Amino acid sequence: MKKLNEIFDTKYETEIKDVKTNSKEVNAGDLFVCIKGFNYDRHDYIEDAIKKGAVAAVVSHDVSVNIPTVKVDDINLELVNIVNKVYDYPSTKMEMIGITGTDGKTSTSTIIYELLNQIKKTGYIGTNGVKCPTYSDSSNNTTPTPEHLHRFLSNFYDERCKSV
């Protein structure tokens, strides 16, 4: 858990339990990051996030709400910095393996996952879900959003995974 003033240069000492960009996923104590995509502007959902328990928000324009807000220029770029700080840079603590291409990514990553787990505890994120020998989670996307990815990586690290 981090405080808002440990993530940003601000006077607010609000404790942050987690980071969310989707108001439907917000829980009590969360930081709501109002990203702006092609189809949605999450600023439109800030009141919903507050009702669900958001204790602070990151915005790219002024809003009138009763929780602390931090205004940034490029909210999508800032999201990566936020989740790195909240989850204490988990990708730097483990060996990371990425697989790209048109065909065979799932097969290749599954084979690598199975082989590496014979040598050292390894995590997997992909089409077949999110898993390691002692932890599993679900993901709506093959490539998770930054906040989901960092949460998964942090959990892998907590489970003592050496590779992902």
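User: Contact means heavy atoms within 4.5 Å. Leaving out residues up to four places away in sequence, which residues does Ser-23 touch?

Analyst: Happy to start there, and please keep in mind that this is a predicted model. Ser-23 sits in the loop between strands E3 and E4. With a relative accessibility of 8%, Ser-23 falls under the 20% cut-off and therefore counts as buried. Residues up to four places away in sequence aside, the residues it touches are Phe-32, Tyr-45, Asp-48, Ala-49 and Lys-52.

User: Is Pro-90 buried or exposed?

Analyst: Pro-90 belongs to the loop between H3 and H4. Its relative accessible area is 1%, and the cut-off for burial is under 20%, so Pro-90 is buried.

User: How far apart are the end C-alpha atoms of helix H5?

Analyst: H5 has 13 residues, and at 1.5 Å a residue it should span 18 Å. The model agrees with that expectation, since the end C-alpha atoms of H5 are apart by 18 Å.

User: What is phi of Arg-160, near which value?

Analyst: Arg-160 is found in the segment after H5. Arg-160 is exposed, because its relative accessible area of 65% is over the 50% cut-off. Most residues other than glycine have a negative phi. Arg-160 has a positive phi instead, near 70°.

User: Is Asp-88 buried, partly exposed or exposed?

Analyst: Asp-88 lies in the loop between H3 and H4, and its phi is positive, near 60°. Its relative accessible area is 40%, which lies between the 20% and 50% cut-offs, so Asp-88 is partly exposed.

User: Which element gives the largest share of the largest nonpolar core?

Analyst: The largest nonpolar core has 28 residues, and those with the most contacts inside it are Phe-8, Val-19, Leu-31, Val-33, Val-58 and Ile-82. Two or more residues each come from helix H1 (4-7), strand E4 (30-33), helix H2 (46-52), strand E5 (56-59) and H3. With five residues, the largest share of this core comes from H3.

User: Which residues does Ile-82 touch, not counting those up to four places away in sequence?

Analyst: Ile-82 is among the residues with the most contacts inside the largest core. Residues up to four places away in sequence are not counted, and the partners that Ile-82 touches are Ile-7, Phe-8, Val-19, Leu-31, Val-33 and Val-58.

User: How many residues are in the second, separate core?

Analyst: This core stands apart from the largest one and includes Val-130, Tyr-135, Leu-153 and Val-164. Leu-153 is also one of the buried residues of H5. The size of the second core is nine residues.

User: Which residue in E9 stands opposite Lys-131?

Analyst: E7 and E8 run antiparallel, joined by three bridges, and form a hairpin with two residues between them. In that pair, Gly-126 stands opposite Gly-129. E8 and E9 also run antiparallel with three bridges, and they form a hairpin with two residues between them. Across from Lys-131, the residue in E9 is Ser-136.

User: Which element gives the most residues to the lining of the largest pocket?

Analyst: The largest pocket has a volume of about 540 Å³. Among its 23 lining residues, the closest to the centre are Ile-97, Gly-98, Ile-99, Ile-125 and Gly-126. Helix H4 (105-116), E7 and H5 each supply at least two residues of the lining. The element that gives the most, with six residues, is H4.

Notes: Residues are numbered from 1 along each chain as its sequence is written. This is a predicted model: local features need pLDDT of at least 70, side-chain atom pairs count only at pLDDT 80 or more; totals for chains, interfaces and linings use all residues. Side-chain values use heavy atoms; hydrogens and water are left out. Helices (H or I, at least four residues) and strands (E, at least two) are DSSP runs, numbered from the N terminus. The expected span of a helix is 1.5 Å times one less than its number of residues. Buried means under 20% relative accessible area, exposed over 50%, partly exposed in between (1.4 Å probe, protein chains only). A nonpolar core is a set of buried Ala, Val, Leu, Ile, Met, Phe, Trp, Tyr and Cys residues joined through side-chain atoms within 4.5 Å. Two strands pair if DSSP finds at least two bridges between them. On a 1 Å grid over the protein atoms alone, a cavity is a set of points where a 1.4 Å probe fits but cannot get out, and a pocket is an open set with protein on both sides within 12 Å along at least five of seven lines; lining residues have an atom within 4 Å of a point. Grid points are joined across faces, edges and corners, and a volume is the space filled by probe spheres set on the points.
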